[in-house]
2 protein chains.
Amino acid sequence: MKSISIHGATGSIGLNAIDIIKRHPDRFNLRVLIGGSKIAPLVQLAKEMNIPYVAIADQTQYKALKEALPTDTTVFAGESGVLEASALNVDVCLAAITGSAGIRPTYTALSHCKSLAIANKESIVAAGEQILAKAKQCGTQIIPVDSEHSAVFQVLRSDKLDDLESVTITASGGPFRTLPIEQFSSITKEMALKHPNWAMGPKNTIDSATLMNKGLEIIEAALLFNLSANKVKAIVHPQSIIHGMSSYVDGTTLAHLSLPDMRTPISYALGYPERTTCDVPTLDLIKLATLTFEAPDHQRFPCLKIAEDCLRADQFHRIVMNAANELAFNKFMNNEIHFTQIPEVIYDILESAKPHRINTISDIISLDNLIRGEI
Amino acid sequence: MKSISIHGATGSIGLNAIDIIKRHPDRFNLRVLIGGSKIAPLVQLAKEMNIPYVAIADQTQYKALKEALPTDTTVFAGESGVLEASALNVDVCLAAITGSAGIRPTYTALSHCKSLAIANKESIVAAGEQILAKAKQCGTQIIPVDSEHSAVFQVLRSDKLDDLESVTITASGGPFRTLPIEQFSSITKEMALKHPNWAMGPKNTIDSATLMNKGLEIIEAALLFNLSANKVKAIVHPQSIIHGMSSYVDGTTLAHLSLPDMRTPISYALGYPERTTCDVPTLDLIKLATLTFEAPDHQRFPCLKIAEDCLRADQFHRIVMNAANELAFNKFMNNEIHFTQIPEVIYDILESAKPHRINTISDIISLDNLIRGEI
């Protein structure tokens, strides 16, 4: 029986994880729920599943949450409350807070869990060095949850890294893969929020539309698997069936395929090293009939190139890029900028940012806040 | 440094293996060559690579072989000579004799090598039980060389068999995948010997044209990986890029991809568990662009169904089927029967064969000889 905590319990990843946990009461014991600001689903889940520890990031909701839950539930609120809940000991922590808000809770959880299922790619992009060093120090296993990284993790399991030539992650290409570049200026928020294959939260969905998601993932893969920038590639595969691949010196490529359903990689991360049934049907390649592959179009999707350049640069540039992307995402969601301005905003911020020395998580958070204009 | 013996040294698999061994004089030491009847290439290889032990199955060539080789080369000939050479101790024995002629040498080699690289699928189809039991008893690792089985072996390495749902091997569909059934009666030997993707020996190539090759491979997979008949599937994949897959209870399918070049699986079997460079380029999926999949057509290719039925039956039926297929292959190559008569010959022999109790390798060989009309 594994005890579990979920950071980001009411988001898309969190809810999928709970779907899996409910199917296996004999294997998983959900102990800690951490939510952002949505109180109603958090209360419902906590009551239904009898969760002893519940935290909410929005400090103003403390009283309402406390009153809505049974008296024996321990309730936490605010930034420090989330960190307090992150420090509760569990077997598996699912880190699924979106964006740089996840950095500190993820970092805190590392010394209080046996394995960290990481869905918060931004924390690796911005704070990968610190997180990986601490995981090593604590003996905590990091298991990726992003479908691409779960795929690569699985296909890398049985070979020596010496024999590895490269790792490839796939991109669906998003909703604008075939849209002529002349029409990019008329892309609306509603259009960008419709992903052709994956059901995900808004940040991931917009990042997929700009291909920044694949840029973040290339960085995440390089850090998680300790690979140089030239060993991590992205290709466009519109059907989203092959998620990740590893290629070896003998001409072999190993690939992970599944339907685009996040329950497959989430169940893998929760149940590792055993696999866990999760109601996702086995792939039927005869029914799918055709898989296609193409090169990413850097002209229409400049974010991918920005991310590749930042991976080749240093941690400072990655933190700035990640924060600038979150800023641009928020501006786009608030109708303050057009879709085509997202890479422009990121590029301009990267050009003008003044170098900072990065050592600690505090260095990272303050640079992130500075870029996002929050201090 | 691994010492190597090659059974079937002048065939397609043998020559590809020698290509790899020559590239790695620091890793492989070729000690034993066993050929069938082609004396000239055997002599050339033995001299060029300074091989101490050389055997030829054709007894009549003993004198010519002995005279053509340096005096310090040990020469063996005839059936018993081949078995004598099979009993020389090496690290890796590559069993690449075609057809049931390989059964005894393969069985003999098992107790004289640390790992047996098995390319002789017919020996597993007919004598799988005995070969696998002896390998277990001797502690000899069996590593498949068929591209499909090498693929499955690799994707099965890191998971528990409990989590496995099924294994899928792919078939190119052969040269007649799209030929209308009305034209099957006009298929010539020359047409059947032209495989669209793979360069292989004549037996394998004709078996690929009838899809019996895939039938033999389904049986081989079930025996090698200890899977029930309903857990092994074949699908048609005309590009021959994905070779084998394993599907798990969580919706995951792991796949092995490579260009259709036998040097990839041969190098894997020789160098296992390390990978070995072999001049096969890394897959470029962007260049390949499209992979397609379809169901096998049992109407036009009845051999696949015959093999599946024999797998569900017993070892007796598999031995008869394998021998009948070799008989039909020989008749087709001698222009004695048409292409469409191959499954008819096999079916008729299966229908009329009188049951035999099978225990020993001798039981298998005598039944095989009986069916092929050799006794």
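Me: Is A:Arg23 buried, exposed or partly exposed, and what is its relative accessible area?
Reply: A:Arg23 is partly exposed, at 36%. Buried means under 20% relative accessible area, exposed means over 50%, and partly exposed is in between (1.4 Å probe, protein chains only). This is a predicted model: local features need pLDDT of at least 70, side-chain atom pairs count only at pLDDT 80 or more, and totals for chains, interfaces and linings use all residues. Residues are numbered from 1 along each chain as its sequence is written, chains are lettered from A and ligands numbered from 1 in the order in which they are written, and side-chain values use heavy atoms, with hydrogens and water left out.

Me: Which side chain meets A:Arg23 in a salt bridge at 3.5 Å?
Reply: That of A:Asp279, with 3.5 Å from N to O. A salt bridge here is a side-chain nitrogen of Lys or Arg within 4 Å of a carboxyl oxygen of Asp or Glu.

Me: Which residues are in the network of salt bridges with them?
Reply: The network links A:Asp19, A:Arg23, A:Asp261, A:Arg263 and A:Asp279.

Me: Chain B now. What does B:Arg23 meet in a salt bridge?
Reply: B:Asp19, at 3.1 Å from N to O. Both lie in helix 1 of chain B, four residues apart, about one turn of the helix. B:Asp19 is partly exposed at 25%, and B:Arg23 is partly exposed at 37%.

Me: What about A:Lys121, which residue does it form a salt bridge with?
Reply: A:Asp146, with the closest N and O atoms 3.3 Å apart. The pair links distant parts of chain A, 25 residues apart: A:Lys121 is in helix 6, and A:Asp146 is in the loop between strand 7 and helix 7. A:Lys121 is buried at 2%. A:Asp146 is buried at 7%.

Me: How many salt bridges over all chains?
Reply: The count comes to 44.

Me: New topic. What kind of peptide bond joins A:Tyr272 and A:Pro273?
Reply: A cis one, with omega about 5°. A:Pro273 is in the loop between helix 11 and helix 12 of chain A.

Notes:
Helix = DSSP H or I, 4+ residues; strand = E, 2+ residues; numbered from the N terminus.
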